[in-house]
Amino acid sequence: MITGTDTGPAAGTDTVPAAGAGAGAGPGAAAERLRRWRLVLGGDSADGTGCALTGRDQAMDAALAALYGSGDGSAGGRRGSGRGAGLGASAPSVARWLGDIRTYFPSSVVQVMQRDAIDRLDLSALLLEPEMLEAVEADVHLVGTLLSLNRAMPETTKETARAVVRKVVEKLEKQLATRTRSTLTGALDRSARISRPRHRDIDWDRTIRANLKNYLPEYRTVVPERLIGYGRASQAVKKEVVLCIDQSGSMAASVVYASVFGAVLASMRSLATRLVVFDTAVVDLTDQLDDPVDVLFGTRLGGGTDINRALAYCQERITRPADTVVVLISDLYEGGIRNEMLKRVAAMKASGVQFVALLALSDEGAPAYDREHAAALAELGAPAFACTPDLFPGIMAAAVERRPLPIPAPGQQPAG
């Protein structure tokens with residue numbers, strides 16, 4: 001099976017659906033492997049397969065050739081390939097191609113091919129047409145592209161774009177909300193420990209550990225001198241969370257995930273959640289957290305970066321430092337005053353704020369980031385690391401409970 005990184009169709013993915021089985025021995029397996037190689041290599045006379053395609057395979061090859069078979073290499077194809085290139089610049093030809101790839105490839109591969117088409121063939125402008133948006137397979141990366149085009153989007157397209165974005169957001173909320181709420185609710189309850197708990201609120205593990213010295217061998221029991229418990233969830237706000245999100249172009253996927261998580265956190269009564277996005281200006285989108293689609297269309301991807309200004313805004317609004325978690329999501333390329341930014345982080349930590357620095361909140365891992373700033377934050381006790389969406393609830397729970405952050409091991413973090 002051919003895998004790799006952006007070196008051919010649907011990089012890193014089995015882009016050629018098996019018409020039978022690809023494993024095992026025998027003439028059938030060998031023919032299947034040859035067929036797959038032929039689809040990957042593109043049919044150049046020098047590819048060495050000698051395999052001819054017919055029917056559905058020929059149509060699949062044509063769809064791959066339109067994207068990956070550029071004869072001049074300008075669209076990611078191989079120079080000298082025998083494949084004919086080109087989606088052209090017309091919306092009808094692209095629309096037909098989008099329909100073809102949805103017919104021949106699974107959804108995960110379609111999303112990768114769409115992303116490659118936007119990047120390699122500069123098809124972003126075509127996404128401003130409602131008919132095109134209705135034909136695409138929606139995913140986080142497409143949402144990021146649409147948000148970057150938001151200011152250029154005509155009114156006739158905006159409603160269609162919002163529908164596409166809402167579809168992705170609702171899917172993400174369904175995947176992430178339940179685990180996030182259950183993880184954070186448990187952490188909030190545990191963080192509200194009380195010294196004279198009712199019987200049903202006793203934290204037995206901690207109580208036993210704290211009273212092991214009172215073990216009576218003759219009775220084979222521990223006599224607890226001190227009970228440790230935690231209160232039940234209440235309507236009162238126990239913790240405050242500030243999500244401070246860099247909206248530079250490289251952070252598009254992180255902005256999407258952070259907006260969804262922000263909406264989930266804002267739905268929890270025991271949390272007071274603030275969401276702030278920034279480039280060289282700072283925008284507070286807290287009032288829109290009941291609808292993450294509104295949050296996303298309130299962002300403005302691209303532009304410069306002034307982390308210091310954004311953190312200053314957040315710092316001014318912290319009223320309970322010991323009960324506040326600030327999450328900075330940024331690649332740390334600071335266009336503002338570097339030393340002031342670091343002093344501000346140090347001051348927040350000294351006041352009792354739990355500070356979390358995420359280089360990315362996405363499945364893609366860390367983008368290019370400022371390693372010098374990351375090292376400086378680590379020295380202040382705020383290590384910067386990439387975080388996938390499935391790990392985010394656990395990291396927030398640790399921050400709420402003031403435990404060491406469960407920083408993903410290198411093997412757990414996608415390479416960035």
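A cavity is a set of points inside the protein where a 1.4 Å probe fits but cannot get out. Keep that in mind as we walk through this structure, which is a predicted model.

How do you look for such a space? Rolling a probe the size of a water molecule over the atoms shows where empty space is left. Searching the whole structure this way turns up one cavity of 30 Å³ or more, and the largest cavity has a volume of about 80 Å³. Its lining is made up of V94, W97, L98, Q114, A117, I118, L123, L126, L127, M132 and V136. Two elements, α3 (91-104) and α4 (107-121), each give two or more residues to that lining. Sort the lining residues by class and you get 10 nonpolar, one polar and no charged.

Let's pick out one of those lining residues, V94. You'll find V94 in helix α3. V94 has a relative accessibility of 3%, and buried means under 20%, so V94 counts as buried. Now look for A66, 28 residues away from V94 along the chain: the C-alpha atoms of the pair are separated by 9.6 Å.

Next, move over to a pair of helices, α6 (residues 140-148) and α9 (residues 252-266). Their axes come within 8 Å and cross at roughly 105°. Angles of 65 to 115 degrees count as roughly perpendicular, so that's the word for how α6 and α9 sit relative to each other. Where do they meet? On the α6 side it's V140, V143, G144 and L147, and on the α9 side it's A252, A253, V256 and Y257. By class, this contact has seven nonpolar residues, one polar and no charged.

Notes:
Residues are numbered from 1 along each chain as its sequence is written. This is a predicted model: local features need pLDDT of at least 70, side-chain atom pairs count only at pLDDT 80 or more; totals for chains, interfaces and linings use all residues. Side-chain values use heavy atoms; hydrogens and water are left out. Axes are lines fitted to C-alpha atoms, for helices over the stretch in contact, and angles run from 0 to 180 degrees between N-to-C directions. Helices (H or I, at least four residues) and strands (E, at least two) are DSSP runs, numbered from the N terminus. Angles under 35 degrees count as roughly parallel, over 145 as roughly antiparallel, 65 to 115 as roughly perpendicular and the rest as oblique. Contact means heavy atoms within 4.5 Å. Ala, Val, Leu, Ile, Met, Phe, Trp, Tyr, Cys and Pro count as nonpolar, Asp, Glu, Lys and Arg as charged, and the others, Gly among them, as polar. On a 1 Å grid over the protein atoms alone, a cavity is a set of points where a 1.4 Å probe fits but cannot get out, and a pocket is an open set with protein on both sides within 12 Å along at least five of seven lines; lining residues have an atom within 4 Å of a point. Grid points are joined across faces, edges and corners, and a volume is the space filled by probe spheres set on the points. Buried means under 20% relative accessible area, exposed over 50%, partly exposed in between (1.4 Å probe, protein chains only).
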